[in-house]
Amino acid sequence: MSTSPAMGIEAGGEFLSFRIGREEYGIDILKVQEIRGYETVTKVANAPKHVLGVINLRGAIVPIVDLRIKLRQTLVDYASATVVIIVELGDAKTGMVVDGVSDVLTLPPANIKPVPELSFGPHTDFICGLGMIDERMLILIDIEKLLQAETSTVLETQERVSSRIADDGHEATP
């Protein structure tokens with residue numbers, strides 16, 4: 001799959017589909033590290049409402065973002081079907097809380113349509129295409145664009161902690 005600005009979706013590829021409310025979304029399967037059940041997170045002071053906190057994932061501090069809140073869904077329920085998709089974005093990992101994971105879909109280029117010319121506003125530039133599968137429509141998102149702010153914050157925090165450890169010889173809190 002190519003890596004053009006629009007995630008290379010015009011070339012088709014494999015996408016993990018997941019649900020938020022009644023809508024179905026898809027992200028490049030190559031960005032997905034793992035899928036986990038929702039678990040309690042450690043809260044972070046002064047974090048945006050959609051950043052629930054962080055978890056320790058095998059020694060890595062991973063921010064957990066509730067995509068339902070970030071995408072302004074009205075009903076946010078933490079049920080047994082609620083899952084966290086851990087994605088790798090460059091050097092950082094981020095967890096995304098969603099209502100459920102559907103499946104992995106292979107979309108040929110003919111099944112991927114461009115986003116309509118209508119302006120949905122500056123907060124929807126992460127939508128990079130629409131996947132068509134029979135009667136289903138999958139909103140394809142560029143997960144790096146959507147989670148760009150969270151990823152930058154985590155990398156900065158990790159760098160500060162690493163430099164404090166190197167300077168002091170012991171771990172300090174961020």
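Guide: A cavity is a set of grid points where a 1.4 Å probe fits but cannot get out, and its lining residues have an atom within 4 Å of a point. The model here is predicted.

Visitor: Which residues line the largest cavity?

Guide: Arg36, Gly37, Glu39, Ile55, Ile64 and Val84 line it. The volume of this largest cavity is about 30 Å³, and the count by this rule is one cavity of 30 Å³ or more.

Visitor: How many residues of each class does the lining of the largest cavity have?

Guide: Three are nonpolar, one is polar and two are charged.

Visitor: Why is threonine 82 called buried?

Guide: Buried means under 20% relative accessible area. Threonine 82 has 4% relative accessibility, so threonine 82 counts as buried. This residue lies in the loop between helix 1 (67-70) and strand 6 (83-89). Leaving out residues up to four places away in sequence, threonine 82 touches Gly37, Tyr38, Arg68, Asp77, Val97, Val98 and Asp99.

Visitor: What makes the pair of alanine 79 and threonine 82 a polar contact?

Guide: The cut-off for a pair of N or O atoms is 3.5 Å. A polar atom of the threonine 82 side chain lies 2.9 Å from the backbone nitrogen of alanine 79.

Visitor: How do you know that strand 1 and strand 2 pair?

Guide: Pairing needs at least two bridges. Six bridges join strand 1 to strand 2 (residues 23-28), and the two run antiparallel.

Technical notes:
Residues are numbered from 1 along each chain as its sequence is written. This is a predicted model: local features need pLDDT of at least 70, side-chain atom pairs count only at pLDDT 80 or more; totals for chains, interfaces and linings use all residues. Side-chain values use heavy atoms; hydrogens and water are left out. Helices (H or I, at least four residues) and strands (E, at least two) are DSSP runs, numbered from the N terminus. Buried means under 20% relative accessible area, exposed over 50%, partly exposed in between (1.4 Å probe, protein chains only). A polar contact is a pair of N or O atoms within 3.5 Å; within protein, one must be able to donate a hydrogen and the other to accept it, and residues adjacent in sequence count only if both atoms are side-chain atoms. Contact means heavy atoms within 4.5 Å. On a 1 Å grid over the protein atoms alone, a cavity is a set of points where a 1.4 Å probe fits but cannot get out, and a pocket is an open set with protein on both sides within 12 Å along at least five of seven lines; lining residues have an atom within 4 Å of a point. Grid points are joined across faces, edges and corners, and a volume is the space filled by probe spheres set on the points. Ala, Val, Leu, Ile, Met, Phe, Trp, Tyr, Cys and Pro count as nonpolar, Asp, Glu, Lys and Arg as charged, and the others, Gly among them, as polar.
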